[in-house]
Structure formats: C-alpha cells, structure tokens
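Here is a short tour of the disulfides in this model. Have the sequence and the 3D view at hand as you read.

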Amino acid sequence: MPIKHLKLLILFIFLFLFIFLFYCFDKIEKIQCQFISDSHHCVSRSAFKKLHYAAWNHTQLTSRQHWPPFNASSSDVFVFLHMQKTGGTTFGRHLVLHAILADNTSCRCYQRKKLRCDCLRPRDPTQIWLFSRYSTGWSCGLHADWTELHECVPSMMDELESISNPRRYLYVTILREPVARYVSEWRHVQRGATWRTANLRCGGRSPSLLDLPFCFIGESWEGVPLDDFMACPHNLAKNRQTRMLSDLTLIGCYNRTVLSSQQRDQLMLRSAKNNLENMAYFGMTEFQRESQQLFERKFGIRFTEPFGPANLSRSSIDDATESQRVDIEKLNALDVELYQFALKLFAHRLRQFGIRSSLMDS
C-alpha cells in the first residue's frame with residue numbers, strides 16, 4: 001500500500017476512534033454512579049452534581065431573605081405551589097380577592113361560584129403577575145408540585161401571554177403540621193376525592209402504573225378506613241409535603257429501582273429543605289396572622305381581609321386514635337422533619353421582619 005494511502009487510513013482510524021470514544025464517554029457520564037453512604041446503590045453523576053450544587057446554594061442563600069417589594073408593573077410573577085390539605089385554598093382566595101399591591105393593583109374576579117380571576121399588570125393587560133389555581137387554572141396540572149412547576153411554568157407563561165419574556169418567578173407555598181394534614185387528606189379521600197387526573201410529570205413524562213399503581217380499584221377510594229389508607233405503600237399522601245417540595249429528578253422521578261428507599265428519602269428531604277429555603281415565601285397553616293404579616297412586609301402588599309382560621313374541612317386530628325396518630329407520625333417521618341425545619345426557618349424570617357409570635361417562645 002502506498003504511504004499516502006496508509007497515512008489516510010491511519011487518519012481515518014484515529015478520527016473514527018475519537019468519535020467513538022466521545023460518544024462512549026458521553027453515555028458513561030449519563031449512567032456513571034457515585035456511591036452514597038456505605039451502600040452499593042448509586043445515582044447518576046448529573047444528579048449527584050446537581051444535589052451538591054443545591055446544597056451549596058442552600059448555605060449561600062440563608063441570609064438573603066429581604067427581597068425587593070413585589071413589582072407587578074415589572075417582570076415579577078408569583079407562582080403558588082398548592083399542596084393538598086394545607087389550607088392552600090384559603091390562601092389562594094386571599095391572593096385573588098383581598099391582595100392589594102403597592103401600586104394599588106389587584107385581581108379582577110368575574111366568576112364567584114367557581115372562582116376565576118384576571119391578575120394582570122396595570123401597564124400591560126396582556127401580562128400576568130399571578131400563576132395560581134384561581135388566576136390561570138391548573139395550567140401545569142392539578143396540584144402541580146415543585147418539579148412540575150419548574151418544568152412547565154416558563155413555557156406555559158409564554159403560551160398564556162403569547163410572547164416570550166424574561167420574568168422573575170417568586171414561588172410561594174403553605175405548609176401544615178403533618179399528622180393533621182394527613183388525617184385531613186384521608187377524610188377528603190374517604191368522601192370520594194382522588195386527584196387521579198394529576199399529571200405528576202417528572203423528567204418529561206408521567207409515571208406509569210408500574211411506577212405508581214393505584215391504591216384502589218374503581219373510580220374512587222370512597223369510605224376507606226384509616227388503617228387501609230395507611231397500609232397502601234403507593235399512597236402519595238405519605239410525606240406529601242416533602243415530595244411536592246423536592247426536585248424529583250434527583251431520585252429518578254417515580255422509578256423506585258434507581259435507589260434504595262433510604263437513599264430516596266435522604267435525597268428527597270435534603271432537596272425539599274433546600275427548595276423551601278430558597279422560596280420567596282412560605283406560610284404556616286397554624287400561624288395565620290404571622291403568615292399574613294410576613295407576606296405583607298416582605299412584598300409591600302396588604303390584604304383587605306385578615307387571615308383567619310383556615311378552612312381545613314370537617315376533619316381534625318381527633319378523627320384518629322392515639323395509636324393511629326403515632327403510626328401516622330412514623331409514616332410521615334420526612335414531613336415531620338421538614339416541618340420542624342420549616343418552623344425554625346419561619347421563626348427566623350419573622351424575627352428579620354420584626355414580627356412577634358408565640359413561635360419565638362417555643
């Protein structure tokens with residue numbers, strides 16, 4: 001073979017090997033594992049890096065609580081993450097019916113029976129300043145969680161406004177004591193609620209029935225006893241607040257074969273704490289007055305009606321026996337830890353804004 005042809009052949013081989021190795025390393029990067037604790041399970045490197053970035057972000061932002069006043073005339077958009085049975089319906093109604101912004105902007109509600117409101121910017125009535133159930137509907141899915149909202153809201157806002165604009169999204173939510181919230185959800189399901197139309201999208205798709213089987217056969221779980229409600233391993237009521245506040249892509253979404261249950265729980269709780277800390281605002285169902293004052297002082301907004309006791313349905317923690325309450329607390333251990341973290345963070349924010357509360361004395 002002539003030397004010229006041999007050089008070309010060698011060059012071609014090197015080029016082929018370069019492309020092949022580049023492709024292989026890219027695939028390896030997507031599946032390469034990092035060990036967590038002392039177990040032999042793993043998560044993808046991208047998720048591992050993402051979690052460590054989130055942890056760094058968590059420590060860097062602990063003191064950045066004084067946000068500038070909300071500006072409806074600018075690019076600010078409130079995004080309300082509404083978790084089931086936390087008093088979110090009451091808070092959502094306050095936002096559209098009673099909130100007066102610094103420039104006297106408010107929502108205009110035109111359908112009271114099935115509440116629907118327009119929350120539009122004063123300088124441009126084609127643009128929206130509130131993304132919530134009563135203003136935009138369940139545009140990202142029924143009770144969309146943190147993962148769904150972050151995947152959906154920017155593109156959905158572009159669609160709703162028919163234009164792609166840079167925006168500052170301010171996520172807000174409400175938390176509730178976990179045992180009382182769980183009992184309330186059980187009572188709601190017992191009366192026939194299912195939320196089966198929720199998308200639960202994560203990583204671009206909804207979970208399959210293999211990932212997340214139903215706990216019941218038929219149209220609903222109406223009449224379910226509390227013990228049966230607790231016994232279903234696929235019941236999303238368990239640790240709902242932790243799951244809905246976490247970045248589920250870190251744990252493989254609803255695919256439970258990626259990690260052990262202990263690793264899933266640790267990653268999910270850590271992510272939920274980080275996301276809660278970095279939220280623009282969260283309130284506490286058990287501290288209505290303080291939640292209202294914090295929102296008003298932080299964003300320069302006032303409410304024309306005071307936050308009273310949230311309408312938390314007819315159920316109460318007394319609907320469960322003492323033994324059942326103990327079991328519920330164990331079942332919702334992640335939510336219990338998240339709630340204790342939230343109480344401390346909430347008290348810290350109240351102190352920053354000079355709001356007195358009995359929470360400071362506990």
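A disulfide is counted here when two cysteine sulfur atoms lie within 2.5 Å. By that rule, Cys-202 and Cys-253 are joined, with an S to S distance of 2.0 Å. Please keep in mind that this is a predicted model.

| Pair | S to S distance |
|---|---|
| Cys-107 and Cys-119 | 2.0 Å |
| Cys-202 and Cys-253 | 2.0 Å |
| Cys-215 and Cys-232 | 1.9 Å |

Let us begin with Cys-107 and Cys-119, whose link is right-handed, with 110° about the S-S bond. Cys-107 sits in the loop between β4 (99-100) and β5 (108-111) and Cys-119 in the loop between β6 (116-118) and β7 (130-131), so this pair ties together parts 12 residues apart in sequence. Cys-107 is buried at 11% relative accessibility, and Cys-119 is buried at 2%.

The link of Cys-202 and Cys-253 is left-handed, with -70° about the S-S bond. This pair links distant parts of the chain, 51 residues apart: Cys-202 is in the loop between α6 (178-190) and α7 (226-231), and Cys-253 is in the loop between α8 (240-245) and α9 (261-277). Cys-202 has 4% relative accessibility and counts as buried; Cys-253 is buried at 16%.

The link of Cys-215 and Cys-232 is left-handed, with -80° about the S-S bond. Cys-215 lies in the loop between α6 and α7 and Cys-232 in the loop between α7 and α8, so the pair connects parts 17 residues apart in sequence. Is Cys-215 buried or partly exposed? With a relative accessible area of 23%, Cys-215 is partly exposed, whereas Cys-232 is buried at 13%.

Terms used
Residues numbered from 1 in each chain as written. Predicted model: local features only at pLDDT ≥ 70, side-chain atom pairs only at ≥ 80, totals over all residues. Heavy atoms only, no water. Helix = DSSP H or I, 4+ residues; strand = E, 2+ residues; numbered from the N terminus. Buried < 20%, exposed > 50% of the residue type's maximum accessible area, 1.4 Å probe, protein only.
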